[in-house]
Amino acid sequence: MNPRRTTLTRKRGRHDTWTDAIRDPLGLFLAAVATGPQAGEPALARDAGDDALNWGSCPAFMPEGCRVAVLQGDPAEPHADIFFRVPGGSEVPRHWHSSPERMVLVSGRMRLTYDGQDPVTLRPGTYAHGPAEAPHGATCLSEEPCTLFIAFVDPVDAMAGGPEQ
């Protein structure tokens with residue numbers, strides 16, 4: 001068991017991992033109301049600017065002002081979709097996920113850097129794929145916040161550093 005992923009300790013009112021974030025009351029509420037379409041349920045659409053979105057906190061190692069909104073699914077289960085938002089000029093520290101992630105930048109301009117690869121700059125509408133366990137970091141290059149749509153294959157998580165640590 002990876003203690004960085006299962007800890008329930010809160011620091012400065014923020015969470016250590018994505019899994020922790022969904023375990024607090026707001027996270028549980030988000031998971032309950034944002035469960036995705038099942039057989040017989042209607043399709044849905046979400047806009048990043050929708051005031052009805054419920055934005056929750058990010059793991060403690062993420063930059064101040066980082067927020068996440070569950071769009072579809074239960075983040076503790078496979079196939080959840082989220083919006084991830086960081087303030088303009090923010091540095092997202094090196095981290096990794098146990099799940100592959102499919103991303104589309106919704107707003108802002110973001111530089112994404114995976115270990116051993118050249119950085120890429122995402123602009124609104126740019127698609128990126130991150131393999132499972134691939135350490136990466138990012139910088140929101142714009143003055144406006146960067147909002148990233150992320151579709152996870154496996155349960156949502158994020159751990160600081162790399163899997164080798």
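This briefing covers the salt bridges and disulfides of the structure above. The model is a predicted one, in which local features need pLDDT of at least 70 and side-chain atom pairs count only at pLDDT 80 or more, while totals for chains, interfaces and linings use all residues. Residues are numbered from 1 along each chain as its sequence is written, and side-chain values use heavy atoms, with hydrogens and water left out. Two salt bridges are counted, a salt bridge being a side-chain nitrogen of Lys or Arg within 4 Å of a carboxyl oxygen of Asp or Glu. A search of the whole structure also finds two disulfides, each defined as a pair of cysteine sulfur atoms within 2.5 Å.

**Salt bridges**

- D115 forms a salt bridge with R94, and the closest N and O atoms lie 2.6 Å apart. This pair links distant parts of the chain, since D115 sits in the loop between strand 8 (110-114) and strand 9 (120-122) and R94 sits in strand 6 (residues 91-96), 21 residues apart; strands here are DSSP runs of E with at least two residues, numbered from the N terminus.
- E164 and R94 meet through their side chains in a salt bridge, with an N to O distance of 3.2 Å. This pair too links distant parts of the chain, with E164 in the segment after strand 13 (159-160) and R94 in strand 6, 70 residues apart.
- Salt bridges that share partners join R94, D115 and E164 into one network.

**Exposure of the salt-bridge residues**

- D115 is partly exposed, with a relative accessible area of 42%, and R94 is likewise partly exposed, at 31%; the term covers values between buried (under 20% relative accessible area) and exposed (over 50%), computed with a 1.4 Å probe on protein chains only.
- E164 is exposed, with a relative accessible area of 54%.

**Disulfides**

- C58 is joined to C66 by a disulfide with an S to S distance of 2.1 Å, and the link is left-handed, with -70 degrees about the S-S bond. Both C58 and C66 are buried.
- C140 is joined to C146 by a disulfide with an S to S distance of 2.1 Å. The torsion about the S-S bond of C140 and C146 is about 90 degrees, and the disulfide is therefore right-handed. Both C140 and C146 are buried.
- When the bonded cysteines are counted along the chain, the disulfides of the protein follow the pattern 1-2, 3-4.

Key
Helices (H or I, at least four residues) and strands (E, at least two) are DSSP runs, numbered from the N terminus.
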